[in-house]
Amino acid sequence: MSCMGGSNPYISQEIPQPAAQKFSITFQPMNVVVEVQPEKIPYGVTGLPGSILDIALAHGIDIDHACGGVAACSTCHCIVRAGGETLSEMNDAEEEELSYAPGLTPNSRLSCQSVPDGSKDLVVEIPAWNRNAVREAH
Ligand code: FES
């Protein structure tokens with residue numbers, strides 16, 4: 001056995017705590033309002049538990065996520081128009097991948113890595129190049 005008990009810097013980065021209270025996310029430009037139920041988090045298996053991507057996919061908001069939600073692409077790029085201060089800190093992997101996202105803005109985040117704490121409602125815009133994939137659940 002040669003296990004030295006080392007740690008992968010990415011794996012050891014803290015997993016953000018998902019929201020423990022109800023809040024809503026308005027997805028633009030479709031103006032679909034999703035009411036987030038904390039007890040249902042994680043909604044799925046894609047992206048960090050309770051991340052914008054996790055919440056969106058469960059509600060028919062089909063944000064692109066080529067790498068499967070592990071901060072290894074930039075296709076889940078979104079622009080946070082309100083409530084961005086309630087999101088988890090950007091980790092190193094997100095910062096790196098986001099730098100490749102087309103149309104980067106100061107409010108850009110990777111939706112698979114951004115976990116709202118639920119203290120405020122959010123408004124999240126899905127960039128134009130992702131909108132073809134967007135459809136409502138009903
Ligand atoms: S889905 Fe690939 S970085 Fe978010």
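**Strand pairing.** I started with β1 (residues 23-28) and β5 (residues 122-125), which run parallel and are joined by 4 bridges. Strands here are DSSP E runs of at least two residues, helices are H or I runs of at least four, and both are numbered from the N terminus. Two strands pair if DSSP finds at least two bridges between them. Phe-27 stands opposite Val-124 in β5. I then checked β3 (residues 77-82), which pairs with β5 in the antiparallel sense over 3 bridges. Ala-82 has Val-123 in β5 as its bridge partner.

**Ground rules.** I noted that this is a predicted model: local features need pLDDT of at least 70, side-chain atom pairs count only at pLDDT 80 or more, and totals for chains, interfaces and linings use all residues. Residues are numbered from 1 along each chain as its sequence is written, and side-chain values use heavy atoms, leaving out hydrogens and water.

**Core.** Which residues have the most contacts inside the largest nonpolar core? They are Ile-25, Phe-27, Ile-52 and Ile-63, in a core of 25 residues. α2 (52-58) gives the largest share, 4 residues. A nonpolar core is a set of buried (under 20% relative accessible area, 1.4 Å probe, protein chains only) Ala, Val, Leu, Ile, Met, Phe, Trp, Tyr and Cys residues joined through side-chain atoms within 4.5 Å.

**Ile-52.** Beyond its neighbours within four places in sequence, Ile-52 is in contact (heavy atoms within 4.5 Å) with residues including Phe-27, Val-80 and Val-124.

**Thr-105.** I found Thr-105 in the loop between α3 (92-98) and β4 (108-110). Its C-alpha atom is 9.4 Å from that of Cys-78.

Technical notes. Buried means under 20% relative accessible area, exposed over 50%, partly exposed in between (1.4 Å probe, protein chains only).
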